[in-house]
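Subject: Structure handover

Hello,

I am passing a structure on to you. Please open it first, then read my notes below.

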Amino acid sequence: MHNLGFALEGAWKVLLAGLLLGAGLPMLFALGVRSLAYGAGRAAEVDDSGVTGATTRPAGTVVGYALFGVVVLGVLLGIAFIVAGGFGKTLSFTHVFPAIVDK
């Protein structure tokens, strides 16, 4: 009975890591694209007085670039983890910022 508990405990950790890293970064990228489209504004609209110009939303553009920054940081962190493992070292977060240290 205890083995089932151990297996389920490990399974939810793997599921959480898979969701964060496997689906989380592409989801953030998609939200960034959506935010940039929102920030670009609507196409020109036709109203009773004639054609009006597109309205831009700077907040959408800022959010989009911030989400792209998070995705780039995640990718760089993953590359640093792989490179550190290749050199026989590990990635440590003891002082908030990641650092490559000896195993």
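In which helix is L76 found? L76 is found in helix α2, residues 58-86. Helices (H or I, at least four residues) and strands (E, at least two) are DSSP runs, numbered from the N terminus.

A word on the source. This is a predicted model, in which local features need pLDDT of at least 70 and side-chain atom pairs count only at pLDDT 80 or more, while totals for chains, interfaces and linings use all residues. Residues are numbered from 1 along each chain as its sequence is written, and side-chain values use heavy atoms, with hydrogens and water left out.

**Overall layout**

The chain has two helices and four strands. Along the sequence they follow the pattern α-β-β-α-β-β. Of the 103 residues, 13% count as buried. Buried means under 20% relative accessible area, exposed means over 50%, and partly exposed lies in between (1.4 Å probe, protein chains only).

**The surface patch**

L76 is also one of the residues in a nonpolar surface patch. Patches are made of residues with over 30% relative accessible area and no salt bridge; nonpolar side chains (Val, Leu, Ile, Met, Phe, Trp, Tyr) are joined within 5 Å, and like charges within 9 Å.

**Salt bridges**

There are two salt bridges. The term means a side-chain nitrogen of Lys or Arg within 4 Å of a carboxyl oxygen of Asp or Glu.

One joins K13 and E9, with the closest N and O atoms 3.7 Å apart. Both residues sit in helix α1 (residues 2-40), four residues apart, so about one helical turn separates them. K13 is partly exposed at 45% relative accessible area. E9 is partly exposed too, at 39%.

The other joins D102 and K89, at 2.6 Å from N to O. D102 lies in strand β4 (residues 97-102) and K89 in strand β3 (residues 89-95), so this pair ties together parts that are 13 residues apart in sequence. D102 is exposed, at 57%. K89 is partly exposed, at 30%.

**The hairpin**

β3 and β4 also pair as strands, antiparallel, over five bridges. Strands pair if DSSP finds at least two bridges between them. H95 stands opposite F97 in β4. One residue lies between the two strands of this hairpin, and V96 takes a positive phi near 70°.

**Aromatic rings**

How many aromatic pairs are there? The count is two. Rings of Phe, Tyr and Trp (its six-membered ring) pair if their centres lie within 6.5 Å; planes under 30 degrees apart count as stacked, over 60 as edge-to-face, and the rest as tilted.

F29 and F68 have ring centres 5.3 Å apart and planes at 45°, so they are tilted. This pair links distant parts of the chain: F29 is in helix α1 and F68 in helix α2, 39 residues apart. F29 is partly exposed, at 44%.

Y65 and F68 have ring centres 6.5 Å apart and planes at 65°, so they are edge-to-face. They are three residues apart in helix α2, so about one helical turn separates them. Y65 is exposed, at 55%. Ring pairs link F29, Y65 and F68 into a cluster.

Best wishes

Terms used:
Areas by Shrake-Rupley, 256 points an atom, 1.4 Å probe, with all protein chains shown as cover.
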